[in-house]
Number of protein chains: 2
Amino acid sequence: MRLLTKARDLRRRKARERDHLFVAEGVRAVGALMASPIVPVGILVSEPDAGDTRIVPVITAARALGVPVEVVSARDFASATETESPQGVLAIAPTPRAALPDDPASNARVVILDAVQDPGNVGTIVRAAAAFGLAATITTPGTVDVWNGKVVRSAMGALFVHPAIPCAWDVLAAWLTRHTFACWIADAEGAPLSQQLDLLTGPGRVALIVGNEGAGSSAEARAVAAHTVRVEMTSDVESLNVAVATSILLHAIRSTRAQ
Amino acid sequence: MRLLTKARDLRRRKARERDHLFVAEGVRAVGALMASPIVPVGILVSEPDAGDTRIVPVITAARALGVPVEVVSARDFASATETESPQGVLAIAPTPRAALPDDPASNARVVILDAVQDPGNVGTIVRAAAAFGLAATITTPGTVDVWNGKVVRSAMGALFVHPAIPCAWDVLAAWLTRHTFACWIADAEGAPLSQQLDLLTGPGRVALIVGNEGAGSSAEARAVAAHTVRVEMTSDVESLNVAVATSILLHAIRSTRAQ
């Protein structure tokens, strides 16, 4: 199948899951991908942009790796992209296969996205999770596919270096229990973060669970979590942005690598 | 002028600045506006949505306040909005006149947006500034207009309760000096946040300056700031989202009202 047809096809989650492939769009994302351990299966370039000084090095690097490069018309390129102003380059690449580790570090931190829907929020959270040295971002059923184009863009390359692991709740609950994770739910009614820092930042494994933007945390999440925590704020606004609140909590529980 | 024509006109910054008016779009934003001290000059409703159970109470509340309500065709309504899937209601309202306070509290905290461009980031930062009880968000020339529709949407009502103050650097620098603000620049090369908490969270006034996404902080910012601070992170990713990094710093310097 031509790369163009494949790129169009991969806009659908079913196609991504069937082929274990995803699309990274734009100069910066494709550059980050080429610098990561993931080897693309192909690069698609829009003909008018093929001489662009930012795109030429990408094409050169791809060819050096033996990655096929397909140049198509601007119109065909636009038909494969999801952005309003495409930058003229995209890569098709295999989704990294990530599984729950058998031997998480004794002070491992993970974030669990429990039916979080907004792709921009999910990408921003993955970026923060990578920045703060978390061992993984785990997604439960109902969370947006992390290989959705908008998540990939918002994550700004973080998905290429940080494990994003889809997992069913029964398997996840058993893994959390087996490895004695202290499980916390981020909740507007939870205990104030500043009063929980000893528990959250001490030794031992910590999992932070972030629920759906509207419905909050699931019954499965509440079944595994012994604690809740909230970011303290004034009553002037109703809430913080989900990615902002989560990032503040991830910063608090960050790994020693981010200190 | 009809409300429809006015709403269309207010998509331009020049029109907003000339008329001291802005547009808030959507059920939630209009609801937050009606609950704030700001009284709209008019409400525009899309005819097919005029019976919507979420919009009817907005219309009733507007009429009770003596605010004119104009019902227009779906097509006309769409011509006045900036969103792809408009919710059928928008409000036109006066921009609150905010000026640098003559007597900031002895422990006042402010955030200064120094040519920050992305409207979504600016709105999210204003929302966090309100949540953490900052005295004001100050914008210098080159920062996106905070009454831009996308900033208003991202701020989720925070702009209606939190002062956003545009200010030239010379006036701002004099004000910061006169009131002995300790000025910090958020900078990826700055001192680690965890080692600066005593200074950042102690008594006295604190200003946090956030620079342009690409170019960083301006010469004017560097002239007033004695310190720089960064959010510690791993080297796995290049950077954090600007709104996330800023929110983590605002959380650290939050007012006693948010503790």
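This is a predicted model: local features need pLDDT of at least 70, side-chain atom pairs count only at pLDDT 80 or more; totals for chains, interfaces and linings use all residues.
Residues are numbered from 1 along each chain as its sequence is written, and chains are lettered from A and ligands numbered from 1 in the order in which they are written.

Helices (H or I, at least four residues) and strands (E, at least two) are DSSP runs, numbered from the N terminus. Helix α6 of chain A covers residues 119-131 and helix α11 of chain A covers residues 242-252; their axes come within 9 Å and cross at roughly 15°. Because of that angle, α6(A) is roughly parallel to α11(A). Here the axes are lines fitted to C-alpha atoms, for helices over the stretch in contact, with angles running from 0 to 180 degrees between N-to-C directions. Angles under 35 degrees count as roughly parallel, over 145 as roughly antiparallel, 65 to 115 as roughly perpendicular and the rest as oblique.

The crossing of α6(A) and α11(A) is right-handed, a term for the near helix being turned clockwise from the far one by less than a right angle, with anticlockwise giving left-handed. On the α6(A) side, the contact (heavy atoms within 4.5 Å) is made by Asn121(A), Thr124(A), Ile125(A), Ala128(A) and Ala129(A). On the α11(A) side stand Val242(A), Ala243(A), Thr246(A), Ser247(A) and Leu250(A).

Chain B has its own packing of α6 (residues 119-131) and α11 (residues 242-252), at an angle of about 15° with the axes 9 Å apart. These two helices, α6(B) and α11(B), are therefore roughly parallel to each other, and their crossing is right-handed.

Buried means under 20% relative accessible area, exposed over 50% and partly exposed in between (1.4 Å probe, protein chains only). Leaving out residues up to four places away in sequence, Ile43(A) touches residues including Leu3(A), Val30(A), Met34(A), Val89(A) and Leu90(A).

Some loop residues of chain B follow. Ala115(B) lies in the loop between β5 (109-114) and α6 of chain B, and its phi is near 65°, a positive value in a residue other than glycine. Asn212(B), in the loop between β9 (206-211) and α10 (219-224) of chain B, is in contact with Asp114(B), Ala115(B) and Gln117(B), leaving aside neighbours within four places in sequence. Asn212(B) is buried, with a relative accessible area of 19%. Met156(B), in the loop between α7 (149-155) and β7 (164-166) of chain B, has a positive phi near 50° and is partly exposed at 34%.

Back in chain A, Glu189(A) belongs to strand β8 (residues 182-192) and counts as exposed at 72% relative accessibility. Glu189(A) and Val229(A) are 40 residues apart in sequence and 7.6 Å apart in space, C-alpha to C-alpha.

Key: Side-chain values use heavy atoms; hydrogens and water are left out.
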